[in-house]
Amino acid sequence: MRSAVLHPWLPLLPLLVIAGFWLAARLDRRRGESFMRRNGLLIGTYLVVAVGVWMLVMIVVPQISMLELSFRPKLPPVAMGGPRDVYTLENYRYFLFGSTADTSHWNVLHLRAFAITIVASILITLFDLALCYPLAFHMAQSARPARLRLLLLLLIAPYWVNEILRAFAWRIIFAASGLLNTALLALGLISQPIDFLGQDAALYTGLSYAYLLLMIFPLYNAIETLPHEQIEAARDLGAPWWRIHRDIVVPFAKPGIASGCTLVFMLCAGALATPQILGGPRSLWFTPIVYDRFYQAFNWPLGAAYAFILLLTCVAFVLAVLRLSRLSLGEITR
Amino acid sequence: MTEAVELDHVTVRFGDFTAVADLTLRIEPGEFFSFLGPSGCGKTTVLRTISGFVAPSAGSVRIGGRDMRGIGPNERPTALIFQSLALFPMMTVAENIGYGLRVRGVARRARCERVERLLALVALEGQGGKHVSELSGGQRQRVAIARALAVEPQVLLLDEPLSALDLKLRQHMRNELRAIQRRVGLTFIYITHDQGEALTMSDRIAVMRDGRVEQVGDARSIYEAPETAFVAGFVGESNALPGRVLRAAADEAVVDTPLGALRGRNPRCLAAGARAVLFVRPEVLRPDFAAENACEVEASDLTYEGSVTHVGFRAADGTRLLASLGAAMREAVPAPGVRLSLGFAARDAVVLPA
């Protein structure tokens, strides 16, 4: 279980599933009401088994094995399964105190990176929300079809480019001799190049940009279903524009806002490539630290513990926000 | 206080399309005024121009003598009831009604009192805590009215608010609306394509076509004394018989219709030789009318509707005529195939320019 090497034919599994489903759909016919009736015994059984196995193999088992791994000590292969291979909290202790045994000093470096990751992810999420809300509102409520198509194209087209290439593009823009510094120097606004990368300006910009679409589409979908007459009715009753947004549009679009924020926050906190490419020399983001536990320190149990702490914090945070905004998990997937 | 609405040479253009053309009209304070016309005639645009959602391309809108140019819908003394009602689904009935007061900064206490009074006005006492989705169609209608009345508008604008209701409820709400209008004494401007609604509720009606007002008048004059062929054809059922004016006097004209020479009133003073259409309503046609103003036809089909029976007739040249015979005329309903003479009094028909 610990050697999670992908079998060469494993990537073919989705194709096999699709092929199997197609075959079953061809063989069976639609009738009846209940799940089995509606889908037919063959497809019904197949759906249950396929979805079940898929969930189990791809989501449940890996997570549980990660969780289990995080409670075990790092041991040389020969000692695995030996007397020293017992469940322990030392990996979590290491996260807090920087040592598996000593608890006299806090692990400031990792705790700080963790806190910054969470806080920065929240701020980036809010920034994306502030940026996307007006645009989504315009697209959903006032843009003419031709303008809407153009906007959608302009939004989507950059995402045809690989995420890592996009991150590098930001690096080129923000580099000491990059586009932005050159422009600012040429305009005489600055006399020395600004260290955007070192100041993490590039990192935050890159992260904000990376998940923009995941914010804009849930917002757009939610606002688009708001009948325009609701806005006109509020206006007719005397509401100024900001009250229309506060009282009518935002409450209506709340599920979309929550779902966009959840997506951006989760992906931001878990981003790896962008922080590695755009992060300054003082690594601040938490995920590269997790990555390093696995592939630099080869300490998989510690990496698993770190990854689990991040996951748990993110899930707890999202659930707390949902509770505060009186939304159920079901509503945001609407 | 309620005030007059004046439209002064109002024209509204959307690109190349002229939705409203040079409309001049004065709607009196406290009047129930309807705009009646087929869909696309510009009546909704007129309403949106009065409420401020559409700016006129030319001309001006005055409410209570004040020019509304540059004044947005949120600052006009009007309240609009939308065709879809546009109630806020996230709010309760009371919150919906109180919304206009809330954005005006009315204190909670005063707001609650006013909402209670309005709930009573529209017969929804004790329903304030419900959600809009829990209400029936007629109740939603009344919430929309209360919400619009809450902001104490001088003019209430209604955009076909009854069109989504079923027939019985629609008829009930007509009376309800009229009663509310009398109680609050406001100017109501009502948009509809349903002539029944317009005729039963309105003090005055403007019949619109292609962005122009064809005729303004009370229900009786619109129905009984149409001034154009469009009004005669659009409002109520009418048999239209085209032809040329043979003889014309000050009050009557004789038209050479496909069914022979027939007489009718001549309100537009058409001269002999003019192309004209003689309109005669189905309910004024009488079988075996002894007068000279009659034509020979053959009964072809019957439609029994309880209070009236509609009889279709065919003339020798194929022209169809429809007569509606009331219960009192039950004995006179002919069987299909019967040939008879169908007549009417000249004062019940009208000759209008083609």
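Analyst: Start with strand 15 (residues 286-287) of chain B, which pairs with strand 19 (residues 339-343) of chain B in the antiparallel sense over two bridges. Pairing here takes at least two bridges found by DSSP between the two strands. Strands themselves are DSSP runs of E with at least two residues, while helices are runs of H or I with at least four, and both are numbered from the N terminus. Look at B:Arg286: its bridge partner in strand 19 of chain B is B:Gly343.

Before we go on, this is a predicted model, where local features need pLDDT of at least 70 and side-chain atom pairs count only at pLDDT 80 or more, though totals for chains, interfaces and linings use all residues. Residues are numbered from 1 along each chain as its sequence is written, and chains are lettered from A and ligands numbered from 1 in the order in which they are written.

Back to strand 19 of chain B, which is also joined to strand 16 (residues 294-304) of chain B by five bridges, running antiparallel. One of the pairs there is B:Glu298 with B:Arg339.

Now for the sheets elsewhere in chain B. An open sheet of four strands goes 2-1-4-5, with antiparallel pairing. Strand 2 (17-27) and strand 5 (66-67) of chain B are its edges, each pairing on one side only. Seven bridges hold strand 1 (residues 5-14) and strand 2 of chain B in antiparallel pairing, and B:Val12 has B:Val20 as its bridge partner in strand 2 of chain B. Helix 1 (residues 43-51) of chain B lies across strand 1, strand 2 and strand 4 (58-63) of chain B, at about 65° to strand 2 of chain B. For such angles, axes are lines fitted to C-alpha atoms, for helices over the stretch in contact, and the angles run from 0 to 180 degrees between N-to-C directions.

The other open sheet to look at has six strands in the order 6-7-8-3-9-10 (chain B), with mixed pairing. Strand 6 (78-81) and strand 10 (212-217) of chain B are at the edges with a single partner strand each, so one side of each has no neighbour in the sheet. On average, neighbouring strands of this sheet are turned by 20° against each other, direction ignored. Inside the sheet, strand 3 (residues 32-36) and strand 9 (residues 204-209) of chain B run parallel, joined by four bridges. Here B:Leu36 has B:Val207 in strand 9 of chain B as its bridge partner.

Then there's the neighbouring chain. In all, 16 residues of chain B are in contact with 15 residues of chain A; contact means C-beta atoms, placed from the backbone, within 7 Å. Strand 6 and helix 2 (93-103) of chain B are the elements giving two or more residues to this side of chain B, and helix 2 of chain B gives the most, with three. This side of chain B has eleven nonpolar, four polar and one charged residues. Nonpolar covers Ala, Val, Leu, Ile, Met, Phe, Trp, Tyr, Cys and Pro, charged covers Asp, Glu, Lys and Arg, and the others, Gly among them, are polar.

Finally, step back to chain B as divided by its domain assignment: domain 1 (5-224) and domain 2 (237-284 + 293-353). Those bounds come from an automatic or database domain assignment. Taken over C-alpha atoms, the centres of the two domains of chain B are 38 Å apart.

Note on methods: Contact = placed C-beta atoms within 7 Å.
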